[in-house]
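Okay, thanks for coming, everyone. Have a look at the model on the screen, and I'll talk you through a few spots in it.

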Amino acid sequence: MRLRIPVNVLDSPNLCTFSLPSTHSDGPLQIGITTSGKGCKLATRIRREIASLLPPDFGSAVERLGTIRRRIWEEDHRSYQTLEDHAAVPENEDDDIAAQKPTFNHLVSESDHAAAKTRRIRWLSQICEYWPLRRLASITDADIDTILQSYNTMSSSTIATPSAPPLDISALEIRARPQPRIILAGSGPGSPSLLTLATHRAILTATVILADKLVPSAILDLIPRRTPLHIARKFPGNAEAAQNELLTMGLEALQNGHTVLRLKQGDPYIYGRGSEEFAWFEERGYRPIVLPGITSALSAPLFAQVPATSRG
């Protein structure tokens, strides 16, 4: 401390003057998690969980938002500079000159500049704080032009006040709305550690999950609390009715724009009606994404230390 040299000692938080966070980097997006030396592995897990909830390639969306911020600032600065130029009167210019512009008598004050800054901050806040992350991640260059055009229209026709209307995003609503998807995924032999990464991500990102009755609770515990979950109500004599109920619920969710995860035990194509459900949804205009799982036909012999195949 006397020499102002940062010190970090492994497994000795009391001897450290700083801690190293577990970091996630995606372009300009930087996320750091630290437990102040109390649990390094826990910090890594928290960082991994947070990163998995972000849309793919979200760093590019952050870069585009920075572009919007810079271009809006440039537009405000250009407008403010134009007003100053119009307000400046050459000494030899006649007051009665016929070519005098309408902005000649416009009073330029610091309050105008402050109002533009307030308007700009409110506009950007509406985008960053209220738009869903998936919508932000889908912003394109064409969307940036639309946003700037809408901002310039508002800037020239209104004065920034606390009662100013919110940002109108109807022009982007249709394009930015997530497309409905149906995913047929296998949850493996029952242990979360044996899930594929693709299925684990589908569990975290799906907006509706329809699970078979055989999917164990250890797998279901991975489902976020905010995600609606329906477990098949299959019992002797009700198997077909329960199956039709799941298919109908999946179709209704797709029609409402959801990402539907049809979660099955083992592999969806081995004793899981996967091919039947694939054909059923495809006939109705939704081609499923199939994520394989470890089937019990292979995992059961493995756990029993019996090789499924052996030479000699």
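Glu-277 is buried here, at a relative accessible area of 1%; buried means under 20%, exposed over 50%, and partly exposed in between, with a 1.4 Å probe and protein chains only. Before I go on: this is a predicted model, so to speak, where local features need pLDDT of at least 70, side-chain atom pairs count only at pLDDT 80 or more, and totals for chains, interfaces and linings use all residues. Residues are numbered from 1 along each chain as its sequence is written, and side-chain values use heavy atoms, with hydrogens and water left out.

So what does Glu-277 pair with? Its salt-bridge partner is Arg-262, with the closest N and O atoms 3.1 Å apart. By salt bridge I mean a side-chain nitrogen of Lys or Arg within 4 Å of a carboxyl oxygen of Asp or Glu. This pair ties together distant parts of the chain, since Arg-262 sits in strand S6 and Glu-277 in helix H10, 15 residues apart. Helices (H or I, at least four residues) and strands (E, at least two) are DSSP runs, numbered from the N terminus. Arg-262 is buried too, at 2% relative accessibility.

How many salt bridges does the structure hold? There are 7. Another one joins Glu-282 and Arg-287, at 2.2 Å from N to O. Here Glu-282 is partly exposed at 36%, and Arg-287 is exposed at 59%. Then Glu-283 and Arg-284 meet at 3.6 Å, N to O; Glu-283 is exposed at 65%, while Arg-284 is partly exposed at 36%.

Now over to helix H9, residues 239-255. The helix has 17 residues and runs 25 Å from first C-alpha to last, close to the 24 Å expected at 1.5 Å a residue; the expected span is 1.5 Å times one less than the number of residues. Its buried residues include Ala-242, Leu-246, Leu-247 and Gly-250. Among the elements covering them, by contact (heavy atoms within 4.5 Å), are strand S6 and helix H10. After H9 comes Gly-257, with a positive phi near 85°.
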